[in-house]
Amino acid sequence: MKAWVLHDINDFRLDNIEEPVLHDGEVLVEVKAAGICGSDIPRVYQNGTYSFPLIPGHEFSGVVAKAGKAVDPGWIGKRVGIFPLIPCRACGPCRKEQYEMCRHYSYLGSRTDGGFAEYAAVPAENLIILPDNVTFAEAAMLEPMAVAVHAMRRAAPDPADIVAVCGLGTIGLLLIMFLQEAGVKNILAIGNKGFQKQMLEKLGLPGDAWCDSREQNPGQWLRERTEGAGADVFFECVGKNETLTWAVDHTAPGGRVMLVGNPFSDMNLEKAVYWKILRNQLTVTGTWNSSFSFPETEPSIRMAERMEDASLTKQRLSKQGVSDEERRYIQDAGENCPPDDWQYVLERLAQKRVSPSCLITHRFPMDELEQGFHIMRDKTEDYIKIMGIAGK
Ligand SMILES: [Zn+2]
Ligand SMILES: [Zn+2]
């Protein structure tokens, strides 16, 4: 098969190699779409990875082509999305089913071979079945969408809150998309590229909700829009000292700062800014990756049941003559079983309540994927999500 293989730092080539050998519990996925993550650029060109050679790519989707030992052959032919983290299932966080914090995980596309290839070996447990109306390109964005949703749900903004999002890359924009879907009306977006304004317009955010930090002082801009108080919830999606300072400095008393951006360097706060965490009793929180449940039952079956549950709940609630008591009972039942981030995203994709494909700025045939890497490395063009598409 053809695969993009990282042989060493800055030595990334399209090779002809053997198809992956399946271990017990794995399936062979024929890759249909694979997105390039911002983290793939330093992985390929600067820092390398845990071992070479490696096929990168952790945002991908496809069709199950083969089932390995101990896998239900019913998977063959299924359209799937892929949770790339393979947890140890033994450490403290894993025992609490908080797999995103696993101490000894493997990861498709960084610690083991990923999706920039014709085929990838994936544990069947890491598959999530795709409803027919979800495209492969959308499904290749499940991972960054789940990351954005994880940050959002950890901060749990109220629809009435003023929410600031600083940093308008893929995660920042997806976060805005899901905040809107969750009913948050007052979103203030801080960016630094003219192109971001077009992207925000595609997401339906009014032009005056965007601050270009090259031309305006974001602090003053935020104060003017929040009666001087600052945002109730502030998502920092950049990871620089300057933006961390804005976040702490311009979050309202009692508000929440959610740290999303991976740090570029050591992060320092001036004393006067640090004081604000104390005096304003800010909740400063981190977020990492996304939640995914590894059910005891077959994931496909569990997912189908969940989708059915969701539509049943909706039907029941929309019926005339549902008593208040019954309504509360139905809603409580739903809340007691919150979906994981991946299910949360997939339900909204299937119901067409979110539409992330407007953020795909470039699609390349998988054989020409390197062009996408160069655009992201050299920043020769504006981009948000760049994707390799099989057979294009
Ligand atoms: Zn990523
Ligand atoms: Zn673990």
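## Exercises on a predicted model

**Exercise 1.** Which arrangement do the four donor atoms around the zinc ion (ligand 2) form, and why?

*Solution.* Start with the angles. In this predicted model, the four donor atoms around the zinc ion (ligand 2) subtend 102 to 119 degrees. Next, take the cut-off: four donors count as tetrahedral if all angles lie between 85 and 135 degrees.

**Exercise 2.** Which residues coordinate the zinc ion (ligand 2), and what spacing do the donors follow along the chain?

*Solution.* First, name the donors. They are the SG atoms of Cys-88, Cys-91, Cys-94 and Cys-102, at 2.3 to 2.4 Å. Then read along the chain. The spacing is C-x2-C-x2-C-x7-C.

**Exercise 3.** Is Cys-94 buried or exposed? Is Cys-102 buried or exposed?

*Solution.* Take the cut-off first: buried means under 20% relative accessible area. Cys-94 has 4%, so Cys-94 is buried. Cys-102 has 4%, so Cys-102 is buried.

**Exercise 4.** How many bridges join strand S1 to strand S2, and how many residues lie between them in the hairpin?

*Solution.* Locate the strands. S1 covers residues 2-8 and S2 covers residues 11-16. Six bridges join them, and they run antiparallel. Asp-8 has Asp-11 in S2 as its bridge partner. Two residues lie between the strands of this hairpin. In the turn, Asn-10 has a positive phi of about 65 degrees.

**Exercise 5.** What is the mean pLDDT of the chain, and where is the pLDDT below 50?

*Solution.* Begin with the chain. Its mean pLDDT is 92, and 89% of its residues reach 70 or more. Now look at stretches. The pLDDT is below 50 over residues 297-302, and also over residues 329-334. Where pLDDT is low, predicted coordinates should not be read in detail.

Methods. Residues numbered from 1 in each chain as written. Chains lettered and ligands numbered in written order. Predicted model: local features only at pLDDT ≥ 70, side-chain atom pairs only at ≥ 80, totals over all residues. Heavy atoms only, no water. Donors = N, O, S within 2.8 Å, 3.2 Å for Na, K, Ca; no water. Tetrahedral: all angles 85-135°; square planar, octahedral: opposite > 155°, others 65-115°. Buried < 20%, exposed > 50% of the residue type's maximum accessible area, 1.4 Å probe, protein only. pLDDT = per-residue confidence, 0-100. Contact = heavy atoms within 4.5 Å. Pairing = 2+ DSSP bridges. Helix = DSSP H or I, 4+ residues; strand = E, 2+ residues; numbered from the N terminus.
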